[in-house]
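Here are my notes on this structure, written as numbered points. Keep the 3D view open and look up each residue as you read.

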Amino acid sequence: QVQLVESGGGLVQAGGSLRLSCAASGLTFSSSAMGWFRQAPGKEREFIAGINWSAGSASYADAVKARFTISRDNAKNTVYLQMDSLKPEDTAIYYCAARRAGQTVYNYWGQGTQVTVSS
């Protein structure tokens with residue numbers, strides 16, 4: 001059974017930083033692409049960042065480019081999202097997702113962690 005467990009969310013002031021973690025189990029993590037998504041109240045879930053299996057390639061949504069950094073540690077089956085220069089509009093539930101090798105969509109999702117940025 002695949003499990004993705006996010007942690008590290010919380011309340012932070014604008015301009016601050018948070019680091020989210022997502023611990024994966026039940027899948028071959030080292031061959032899976034990983035991603036972070038978020039969903040703000042009243043809005044659709046949106047892609048934030050993705051990283052390939054080897055961490056050799058990463059992509060970001062324009063809204064977070066240059067402020068957020070995705071990384072992974074295959075030895076720990078964990079993917080991270082470092083969030084700097086946070087803005088109130090970054091307030092959302094953040095979800096970790098996994099995409100198995102050969103798949104074009106993210107197959108597995110975590111339960112989400114709340115990030116709230118106060119102005």
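1. Let's start with Ser85. Is Ser85 buried, exposed or partly exposed? Its relative accessibility is 42%, so Ser85 counts as partly exposed, because that class covers the values between 20% and 50%. Please remember throughout that this is a predicted model. You will find Ser85 in the loop between β8 and β9. Its backbone deserves a look too: Ser85 is not a glycine, yet it has a positive phi of about 50°.

2. Most residues other than glycine have a negative phi. Asn77, however, has a positive phi, near 50°. Asn77 sits in the loop between β7 (68-73) and β8 (78-83). With a relative accessible area of 27%, Asn77 is partly exposed.

3. Now step back to the whole chain. How many helices and strands does the protein have? There are zero helices and 11 strands, so the pattern along the sequence is simply one β after another, β-β-β-β-β-β-β-β-β-β-β. Along the principal axes, the C-alpha atoms of the protein fill a box of roughly 40 × 25 × 25 Å.

4. Of the 119 residues, 41% count as buried. The accessible surface of the protein comes to about 6,100 Å², and carbon and sulfur atoms account for 47% of this surface. If you take the contacts between residues at least 6 apart in sequence, 54% of them join residues at least 24 apart.

5. Six of its eight residues are buried, so β9 is largely enclosed by the rest of the structure. β9 pairs with β4 in the antiparallel sense over seven bridges, and here Phe37 stands opposite Tyr95 in β9. β9 also runs antiparallel to strand β11 (residues 113-118), with three bridges joining them; Tyr94 has Thr113 in β11 as its bridge partner. Two bridges join β9 to β10, again antiparallel, and Ala98 stands opposite Tyr108 in β10.

6. Next, the aromatic rings. Counting rings as paired when their centres lie within 6.5 Å, there are four aromatic pairs. Take Phe37 and Tyr106: their ring centres are 5.2 Å apart and their planes stand at 85°, so this pair is edge-to-face, because the cut-off for that label is over 60 degrees. The pair links distant parts of the chain, with Phe37 in strand β4 (residues 33-39) and Tyr106 in the loop between β9 (92-99) and β10 (108-109), 69 residues apart. Both Phe37 and Tyr106 are buried. Which residues do the ring pairs link into a cluster? They are Phe37, Phe47, Tyr106 and Trp109.

7. Finally, look for arginines over rings. Arg99 lies over the face of Tyr106, at 5.1 Å from the ring centre, so Tyr106 takes part in an edge-to-face pair and also has a charge over its ring. Arg72 lies over the face of Phe29, at 4.4 Å from that ring centre.

Note on methods. Residues are numbered from 1 along each chain as its sequence is written. This is a predicted model: local features need pLDDT of at least 70, side-chain atom pairs count only at pLDDT 80 or more; totals for chains, interfaces and linings use all residues. Side-chain values use heavy atoms; hydrogens and water are left out. Rings of Phe, Tyr and Trp (its six-membered ring) pair if their centres lie within 6.5 Å; planes under 30 degrees apart count as stacked, over 60 as edge-to-face and the rest as tilted. Helices (H or I, at least four residues) and strands (E, at least two) are DSSP runs, numbered from the N terminus. Buried means under 20% relative accessible area, exposed over 50%, partly exposed in between (1.4 Å probe, protein chains only). A charge sits over a ring if NZ of Lys or CZ of Arg is within 6 Å of the ring centre and within 35 degrees of the ring normal. Contact means heavy atoms within 4.5 Å. Accessible areas come from the Shrake-Rupley method with a 1.4 Å probe; for residues, only the protein chains shown count as cover. Two strands pair if DSSP finds at least two bridges between them.
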